[in-house]
Amino acid sequence: MILLTLFLIGVSVLLYLYEKTVKPKNFPPGPKWHPITGSTPTVKEFAKQFGGTHKAFLKLSEIYDSNVIGLKFGNEATVCVSGESLLKEVLMQDEYQARPINFFSNLRSFGTNKGITFTNGEHWKTQRRFFIRHLRELGFGKQKMDFMITDEVNKIINFMGQNDLHEIKTIIGTSVLSILWTLVAGERLEYSNERLQNLLTLMNRRSKVFEMAGTWLNLFPWIRFIAPKASGYELIMNINNEMKELFKSVIKEHSDTWYPDRKDDVIYAFLTEMHQSSDETFTEDQLLMLCVDVFFGGATTTSNTLDFALMCMILYPDIQKKVHESIDAAYTNCTLPHYKDRHLIPYVEAVICEVQRYYNVSPITGPRITLANTKLESYDIPKGTTVLINNYAVDHDPKLWENPDVFQPERFLDQNGNVTIPQHFNPFNIGKRKCLADALARSCIFTFFAGIMKTYTLSLADKSKPLTGIPLPGITISPEPYIPCFTHRCSKN
Ligand code: HEM
């Protein structure tokens, strides 16, 4: 009897494991699904070999000769799409506008499943609309934002002029956090401010631990019960708690000083909505996650793009020279360039576009989840399939770009030297889930980059260690760490 029971258990386990390897009918081609790990080993191996998950997906597209690849991560059937027309289809169609709600999204949202990035349906629509409306009302996308950013650029230029050596990542990271802090909490903070430094440390620690532990924890969430420390789960929870406390204390200060109709920053505007609206999604938990989403979505993306742009100036001295010539031709005095006047220095804008194409900081976007059974090319995609979008594949597609692996800002200029943006270039994506703060990010990147380049010539502090230009992989790709030298060319006004 015991033997029979053991036999039946064994057969059931084998059948269960076998079932995990079976792909749905007419699913897109892709590597083998292993019983427990799915396609993870293949993707990880390719990512190591070719320099990042985006390149692994591109390689798989080549091997299977398909713009849509069928994969499995943990228990989740996943497809990764590349190719201009397929990307557009996914970004624009309603079936693809939701996010998967799983262990990872729960961990990211401190167990609340609130915020904007990882919410769906009416909750997502209301909160996204609220945030965009308040960005506009607070003057973001308009002159008020422009002046606030220029003020921050003045601060960073002064700091760079002190001749102390710092990794560029720290200088830029602090500045971008400072801008986001002003947006959310209204305060202008000095770089040495304890809260700002604390937030920077937490963001850096978080991105490191998520990179190390995030994938494995998402694949096998149960390992947190067996090995909470070794799996990184305990550390993630500690960092989450510290971040929660930081934002809770700011929200408390705002609650204590709030008065009806007060809307001078995102937190006050939210508290006003909370008091006045009958919509049940306006809660304190939602406010906390909204703050977190602004920092998770905006900090590393913006600062890494700027970091790459400055790195390219060191890597390509000829391009740095042309940037200086373009700025000097338009600005004879020491006024810092404003975003609204970007047409005066088209070469600078073209360099930024090329940085966003060549080093797209979010080479894979999403995740999305299919809301209905659907089709991609001739393949069937069942409802509930996770969808990843390979933006890198489009940004480096030789059918769309001449010499895509060459850094060449001129590709964004027409014969008259004006900036021209091809339809297939969308670093903030398109459609209902596109970045909700692209105006802020664009203005920030342009004003910082043009201001720094107007004032300084950049070189490497330690010339014995030349830059390779090879990005470090991650959810958001980043430049290799380097310490720059800033040589003065023009004083700020
Ligand atoms: C260079 C800077 C940035 C880049 C390249 C970037 C890129 C993107 C992309 C591609 C998406 C869409 C993801 C998808 O289609 O699934 C996105 C969404 C998002 N971004 Fe940005 N972003 C940047 C800056 C910012 C900033 C400054 C903020 C906040 C102030 C922000 C907040 C968000 C949020 C909350 C979402 C989620 C939108 C939703 O799910 O409805 N981003 N971003």
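# Briefing on a predicted model

The structure is a predicted model, and within it Leu6 is found in helix H1, which covers residues 2-21. The points below go from this surface to the iron site, the aromatic contacts, the backbone and the salt bridges.

**Surface patch**

- Leu6 belongs to a nonpolar patch on the surface, which is formed together with Ile2, Leu3, Ile9 and Val13 and has about 540 Å² of accessible area in total.

**Iron site**

- The iron atom of the ligand has Cys435 as its only protein donor, through the SG atom at 2.4 Å.
- Cys435 is placed in the loop that runs between helix H16 (391-395) and helix H17 (438-455).

**Aromatic and cation contacts**

- A search of the whole structure finds 21 aromatic pairs, one of which is the stacked pair of Phe308 and Tyr359, with 4.4 Å from centre to centre and 5 degrees between the planes.
- Because Phe308 lies in helix H13 (residues 284-315) and Tyr359 in the loop between helix H15 (346-358) and strand S3 (364-369), this pair ties together parts that are 51 residues apart in sequence.
- Both Phe308 and Tyr359 are buried, and the two residues also take part in one aromatic cluster with Tyr316, Tyr358 and Phe407.
- Two arginines lie over the faces of tyrosine rings: Arg224 over Tyr233, at 5.7 Å from the ring centre, and Arg262 over Tyr268, at 3.8 Å from the ring centre.

**Backbone features**

- Phe110 has a phi near 55 degrees, a positive value in a residue other than glycine, and Phe110 lies in the loop between helix H5 (103-108) and helix H6 (121-137).
- With a relative accessible area of 10%, Phe110 is buried, whereas Asp285, at 38%, is partly exposed.
- Asp285 is found in helix H13, and the C-alpha atoms of Asp285 and Phe110 are 9.7 Å apart in space although the residues are 175 apart in sequence.
- Glu377, which is also other than glycine, has a positive phi near 50 degrees; Glu377 is placed in the loop between strand S4 (374-376) and strand S5 (379-381) and is partly exposed, with a relative accessible area of 44%.
- Gly366 and Pro367 are joined by a cis peptide bond with omega about -5 degrees, and Pro367 lies in strand S3.

**Salt bridges**

- The structure holds 27 salt bridges, among them the one between the side chains of Glu84 and Lys88, at 3.9 Å from N to O.
- Glu84 and Lys88 both lie in helix H4 (residues 84-92), 4 residues apart, which is about one turn of the helix; Glu84 is partly exposed at 29% relative accessibility, and Lys88 is partly exposed at 29%.
- Asp151 and Arg188 meet through their side chains in a salt bridge of 3.0 Å, N to O, a pair that links distant parts of the chain, with Asp151 in helix H7 (residues 143-160) and Arg188, 37 residues apart from it, in the loop between helix H8 (168-185) and helix H9 (194-219).
- Asp380 forms a salt bridge with Lys375, whose closest N and O atoms are 2.6 Å apart; Asp380 counts as partly exposed at 30% relative accessibility, and Lys375 counts as partly exposed at 44%.

Technical notes: Residues numbered from 1 in each chain as written. Predicted model: local features only at pLDDT ≥ 70, side-chain atom pairs only at ≥ 80, totals over all residues. Heavy atoms only, no water. Patch = residues over 30% accessible without salt bridge, like charges linked within 9 Å, V, L, I, M, F, W, Y side chains within 5 Å. Areas by Shrake-Rupley, 256 points an atom, 1.4 Å probe, with all protein chains shown as cover. Salt bridge = Lys/Arg side-chain N within 4 Å of Asp/Glu carboxyl O. Helix = DSSP H or I, 4+ residues; strand = E, 2+ residues; numbered from the N terminus. Donors = N, O, S within 2.8 Å, 3.2 Å for Na, K, Ca; no water. Phe/Tyr/Trp six-rings, centres within 6.5 Å; stacked < 30°, edge-to-face > 60°. Buried < 20%, exposed > 50% of the residue type's maximum accessible area, 1.4 Å probe, protein only. Lys NZ or Arg CZ within 6 Å of the ring centre and 35° of its normal.
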